[in-house]
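Welcome! Keep the 3D view at hand as you read.

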Amino acid sequence: MILTEAVIRELLAQAQSRRDRLLLELYWATGCRVSELLAARPRDFKPRSRSLTLITLKKRVKRLCNHCGKRVAKSHEHCPHCGKSLSQTLKVEVVQKTRTFVLPPAVSQLLGQYARHVQGARLFPLTRPRVYRIVREIA
């Protein structure tokens with residue numbers, strides 16, 4: 001089912017609170033995953049550039065040989081570069097990626113007003129099931 005902008009605006013107008021409306025506006029404006037949006041912190045929003053940086057759920061694991069520092073595949077038992085056994089000489093780095101979104105002016109203004117009053121580490125201290133309930137309530 002494809003929703004038109006007019007239908008989405010109608011749905012957004014039915015939000016019960018400013019927080020819910022902002023949450024739904026950001027969800028629509030960014031197209032991110034709910035978990036990514038729920039992990040957003042006030043410091044992730046930059047009002048001057050109207051940008052919101054979110055940590056993605058996708059992580060990349062880099063496996064490195066401790067002896068030569070070269071990348072090795074998960075299936076390797078020995079480093080193909082230096083020949084050392086990887087059973088004890090393996091370094092694993094988890095690379096967390098971020099995505100930055102430039103927000104529409106109206107959404108950026110809402111977020112700026114909301115973020116000033118947030119008490120805590122996260123913008124939206126909600127759970128995924130609660131967000132799904134909010135969406136179902138307005139749909």
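In this predicted model, the side chains of Glu-36 and Arg-99 meet in a salt bridge, with N and O 2.8 Å apart. This pair joins distant parts of the chain, as Glu-36 sits in helix 3 and Arg-99 in strand 3, 63 residues apart.

**Around Glu-36**
- Helix 3, which covers residues 34-38, is where you will find Glu-36.
- Glu-36 counts as buried because its relative accessibility is 1%, and buried means under 20%.
- Beyond neighbours within four places in sequence, Glu-36 is in contact with Leu-54, Ile-55, Thr-56, Leu-57 and Arg-99.

- How many salt bridges does a search of the whole structure find? The search finds eight.
- Side chains of opposite charge can pair when their charged atoms come close.
- Arg-21 forms a salt bridge with Glu-25, where the closest N and O atoms are 3.1 Å apart.
- Arg-21 and Glu-25 are separated by about one helical turn, because they are four residues apart in helix 2 (residues 18-30).
- Arg-21 is partly exposed at 28% relative accessibility, whereas Glu-25 is buried, with a relative accessible area of 3%.
- A network of salt bridges links Arg-21 and Glu-25 with Glu-5 and Arg-9.
- Asp-20 and Arg-19 also meet through their side chains in a salt bridge, at 2.7 Å from N to O.
- In that pair, Asp-20 is buried with a relative accessible area of 5%, while Arg-19 is partly exposed at 25%.

**Patches on the surface**
- Lys-58, Arg-60, Arg-71 and Lys-97 form a positive surface patch.
- Of these residues, Lys-97 belongs to strand 3 (residues 90-102), and its relative accessibility of 43% makes it partly exposed.
- A nonpolar surface patch is made by Met-1, Leu-3 and Val-7, which together have about 350 Å² of accessible area.
- Leu-3 lies in the segment before helix 1 (5-13) and is partly exposed, at 39% relative accessibility.

**A backbone detail**
- Which residue has a positive phi although it is not a glycine? Look at Arg-50, with a phi of about 55°.
- Arg-50 is placed in the loop between strand 1 (45-46) and strand 2 (51-65).
- With 31% relative accessibility, Arg-50 counts as partly exposed.

Terms used: Residues numbered from 1 in each chain as written. Predicted model: local features only at pLDDT ≥ 70, side-chain atom pairs only at ≥ 80, totals over all residues. Heavy atoms only, no water. Patch = residues over 30% accessible without salt bridge, like charges linked within 9 Å, V, L, I, M, F, W, Y side chains within 5 Å. Areas by Shrake-Rupley, 256 points an atom, 1.4 Å probe, with all protein chains shown as cover. Salt bridge = Lys/Arg side-chain N within 4 Å of Asp/Glu carboxyl O. Lys, Arg positive; Asp, Glu negative; His and termini not counted. Charge placed at Lys NZ, Arg CZ, Asp CG, Glu CD. Helix = DSSP H or I, 4+ residues; strand = E, 2+ residues; numbered from the N terminus. Buried < 20%, exposed > 50% of the residue type's maximum accessible area, 1.4 Å probe, protein only. Contact = heavy atoms within 4.5 Å.
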